[in-house]
Amino acid sequence: MPLDPSRTVAELEELRELTGDENGAQRVAWTDTWETAREWLRGKLAVTGAREEIDAAGNQWFTIGEGERPLLLGGHLDSVPNGGWLDGCLNVVAGAEVLRRIAEEGTPPVPVRLVSWADEEGARFGRSLFGSSAAAGSMRDQDELRKLTDRDGIALPDAVREHGVDLDRALEARSQLEGAGAYLELHIEQGPVLESMGLPLGVVLGTFGVERSRITWRGQAAHSGSTPMDQRRDALAGAAKLALDIRRIAAVAGSGAVCTSGNVVCRPGIVTSVVETAEQLLDQRHLDADTLARMLDAAKTVSEQFAAEENIEVNWERIWNIEPILFDDELIELADESIREVAGASHRLPSGPLHDAAEVARSGVPTVMLFVQSLRGLSHTKLEDTKPEHLELSVRALDVLASKTLARLAAR
Ligand SMILES: [Zn+2]
């Protein structure tokens, strides 16, 4: 079969019919609907004669060819509840098209493997990147995973066992990434950048590092009527100043830096009292580790200044962080070339969300991602959409990139 990108769009529509409803995609991992999607994929790839394997973490692999340094293409069929029709499955379905094209041309010079990662979204148990983190060997929270339950009280180990996965053995999936030559992932952008630039496709430089902090401001509760304005120790005033100043901090950092004050909880939280404590949540993200560290320092420094101005106290606590994960320079160049060949122009951008590709890159496999424009930047909703002509271009770009990468791997 020669490459037929319009078939990818038709198959994505078919998968939407099969596994979605009027509220959107319903392919939550470790459910019957997810299994239906996996069975559907199996059928689509039968023509290639690919060898199928479900690994110890539940990832579904299809392999053609023999030998060392395989080229990997990956995505995830699982969705959030009421999800979009493209998030994750675009690359699985586009990857299937590329695999069929390569298989049609005979045995590839190195093996080509398509992987559908298990439970990227973590929708049921709140733990994202399950299958890819097991394959990358970075799953180090098995004790916590054992305690996770879904809304109905079903424990994660029991749910995954229903689908053939023994949590105690999940890390055996590590063998899948050993010696891999390259990993390519195509994904919808899930943000508004490419659309605002009028570009269909972009190369992803890596995934943002994240610093999450809980900031506790302490003042003094006092009567709203009897306390003069200049004698207040208002904890909310500090949180409010910081909530606005993070815009400046992000602007100074540049290169797509984002800072979000996602919540402020005030106590006593009544209209007749000055706020005594304000507990503020802050999320900061950047692709450069040093810049991210400077963003965090800047926020801490300015918070001390605001605390002094307001005669209140401030305390910082890190609640979660992850290093930026950078993709492979050589593959970024190849991806840029591939996009320019099929779409004329390309753009390099960081990814705000984490993806399976970040786990694969962390494990040391040279990795790159392609983004295709998302309409209105919407995702994780049934409103998620991308123009069919852009989807087709993305399949072409992935195919060209796969060919270029295959040639590089074969030459080594
Ligand atoms: Zn996704």
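## Nonpolar cores

A nonpolar core is a set of buried Ala, Val, Leu, Ile, Met, Phe, Trp, Tyr and Cys residues joined through side-chain atoms within 4.5 Å. In this predicted model, the largest such core has 92 residues. Trp30, Phe130, Leu177 and Leu184 have the most contacts inside it. Helix α3, residues 89-104, gives the most to this core: nine residues. A second core is separate and has 22 residues. Ile215, Ile249, Ala257 and Met295 are among them.

In soluble globular proteins, nonpolar side chains tend to be buried together.

Leaving out residues up to four places away in sequence, Trp30 touches Ala57, Ala118, Asp119, Arg124 and Phe125, among others. The list also includes Phe130, Ala159, Val160, His163 and Val165.

His76 and His187 link distant parts of the chain, 111 residues apart. His76 sits in the loop between β5 (71-75) and α3. His187 belongs to strand β7, residues 182-188. Both histidines, His76 and His187, are buried.

## Glu359

Glu359 is placed in helix α11, residues 356-362. Its relative accessible area is 6%, under the 20% cut-off, so Glu359 counts as buried.

The side chain of Glu359 makes a polar contact with the side chain of Ser138, at 2.4 Å. Beyond its neighbours within four places in sequence, Glu359 is in contact with Leu129, Ser132, Ser133, Ala136 and Ser138.

Terms used
Residues are numbered from 1 along each chain as its sequence is written. This is a predicted model: local features need pLDDT of at least 70, side-chain atom pairs count only at pLDDT 80 or more; totals for chains, interfaces and linings use all residues. Side-chain values use heavy atoms; hydrogens and water are left out. Helices (H or I, at least four residues) and strands (E, at least two) are DSSP runs, numbered from the N terminus. Buried means under 20% relative accessible area, exposed over 50%, partly exposed in between (1.4 Å probe, protein chains only). A polar contact is a pair of N or O atoms within 3.5 Å; within protein, one must be able to donate a hydrogen and the other to accept it, and residues adjacent in sequence count only if both atoms are side-chain atoms. Contact means heavy atoms within 4.5 Å.
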